[in-house]
Amino acid sequence: MTASDFRATEHPSRLAAILAAGHFAVAAELSPPLGVDLEKINHNARTIREYADAVNVTDNQAASVRLASIPVCALLVQQGIEPVAQMTCRDRNRLAIQADLLGAAALGIKNLLCLSGDHGRWGDHPGAKNVFDLDSTHLVRLARNMVEYGCLDNGKPLSPAPRLFIGAVANPFSPPYDYRPFRLAKKVAAGARFIQTQLIFNVDRFRTYMDRVRELGLHEQVFILAGVGPFKSSRQANFMAKKVAGMDVPEVLLERMEKTPRAAQPEEGIRICCEIIEQVREIPGIAGVHIMAVHWAEAVPEIISRAGLYPRPIMAATIAKDRQEAALTTQQEG
Amino acid sequence: MSAAKSHRLAGFIRSRPRLERLLDRLLRPVERLTKGPLFGCQMCGQCVLHSTGMVCPMTCPKNLRNGPCGGVRLDGSCEVYHDMQCIWVNAYTRSQKLFWPEEIHDLRPPVDWSLEGSASWLNLLTARDQVQSGCESQPASALDLVPYDS
């Protein structure tokens with residue numbers, strides 16, 4: 001199969017199918033726990049199951065040790081949830097990356113998000129060696145080689161080739177602003193089929209970015225999912241604005257959170273998030289949203305429902321079928 | 001130098017291992033002593049300075065070869081070392097002032113670590129730095145996909 005033969009509709013990935021069908025897609029995100037207790041992650045998975053077409057699972061987020069992304073993704077597959085495995089370049093060289101991608105595909109994972117990864121210096125093991133054998137663009141290209149050309153990075157054939165829907169990330173809020181749309185073009189040239197953006201709070205900046213992306217015709221070559229997320233508190237908003245690199249939070253939003261009484265702050269955070277979803281949906285070239293509710297899975301159903309994005313096209317059918325089967329079993333048993 | 005001639009020269013040097021070793025021994029210190037202080041050269045052995053605005057991408061704490069990460073702070077500083085300007089912000093700005101501003105958009109292949117420490121000038125002559133990863137011909141530049149007016 002060559003790149004030009006790629007058709008998202010024929011892809012086994014449900015996320016690809018939803019995007020190809022022209023539905024406004026919804027992705028959510030789960031952060032695996034530290035430790036081997038799966039209760040919390042299972043609970044969160046159940047909470048967001050009906051509300052997202054796909055669920056990203058982070059890979060040692062913020063350069064801190066967590067349960068690995070791929071096993072958690074495999075767990076989600078068992079529960080009928082479509083996972084997006086996140087893979088960073090910080091912890092693995094090209095051998096380990098390819099081995100893990102094969103493992104992921106073999107376990108039924110169909111989506112991959114390629115990132116450079118946060119540097120280890122600010123993580124929980126500051127003395128660890130940062131690998132960065134590849135960069136995120138290399139990773140996209142390597143995955144495309146495996147998936148679409150059926151070969152390893154050394155050119156050796158690989159059969160059968162893994163089937164993955166390959167995504168990359170974009171941060172429109174990080175300098176140099178003129179260059180960012182071209183950086184996106186580079187990732188698309190390397191083989192990215194979908195893009196998830198950094199959290200959007202500065203919608204004006206994002207609009208400017210998308211204007212340029214459309215001028216370059218990139219919105220027709222890749223599905224762009226806008227990253228959004230709620231503040232849980234005024235403190236968290238301030239933390240994001242001041243401490244998280246590459247994040248652009250306008251002063252007005254910080255003020256809005258600050259003025260809200262503490263007990264009502266989560267509600268205000270969700271309201272802001274819904275407003276931003278409404279605004280980014282209007283931007284031509286946006287194919288969906290990616291909701292990053294950090295350690296706050298309960299917010300996802302609320303946001304999706306209020307934004308008018310519920311029920312989800314495929315999950316609704318799957319869940320109805322599940323319920324019917326469950327009812328049948330009960331009847332038979334009775 | 002024409003493509004055919006440079007190909008012949010590459011073949012000539014590569015078929016003479018002792019000559020190649022000698023040239024490498026001679027060129028290494030020259031390269032280290034000139035490009036080190038000037039560009040912070042890390043001797044990766046496959047120099048791409050020309051296409052990255054004469055800023056060495058190996059000075060990026062993440063060794064990124066294809067552009068800045070998403071962690072560049074709003075003031076243009078590095079997410080890893082706050083007192084340092086993002087090297088890719090510099091690379092992009094400077095690349096646009098050169099006569100070949102489009103080269104920043106090239107898709108650069110992964111680093112061939114087996115060349116680390118060797119003389120990139122020689123590797124350029126012998127074409128050992130023509131690292132090709134993967135198996136099929138793929139876009140060589142982001143500009144293959146988008147209209148470019150500069």
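This is a predicted model: local features need pLDDT of at least 70, side-chain atom pairs count only at pLDDT 80 or more; totals for chains, interfaces and linings use all residues.
Residues are numbered from 1 along each chain as its sequence is written, and chains are lettered from A. Local features need pLDDT of at least 70 and side-chain atom pairs pLDDT 80 or more, with side-chain values taken on heavy atoms, leaving out hydrogens and water.

**Exercise 1.** Work out how α10(A) and α11(A) are oriented to each other.

*Solution.* 
1. Grab the two helices (DSSP runs of H or I, at least four residues): α10 covers residues 265-281 of chain A and α11 residues 299-306.
2. Their axes, lines fitted to C-alpha atoms over the stretch in contact, sit 10 Å apart at an angle of about 45 degrees.
3. Angles under 35 degrees count as roughly parallel, over 145 as roughly antiparallel, 65 to 115 as roughly perpendicular and the rest as oblique, so this pair is oblique.

**Exercise 2.** Find the salt bridges that A:Arg256 makes with A:Glu268 and A:Glu275, and say how buried each residue is.

*Solution.* 
1. Apply the rule: a side-chain nitrogen of Lys or Arg within 4 Å of a carboxyl oxygen of Asp or Glu.
2. A:Arg256 and A:Glu268 pass at 2.8 Å, N to O.
3. Now check accessibility (buried is under 20% relative accessible area, exposed over 50%, partly exposed in between; 1.4 Å probe, protein chains only). A:Glu268 is buried at 9%, while A:Arg256 is partly exposed at 26% and A:Glu275 is partly exposed at 30%.

Terms used
Axes are lines fitted to C-alpha atoms, for helices over the stretch in contact, and angles run from 0 to 180 degrees between N-to-C directions.
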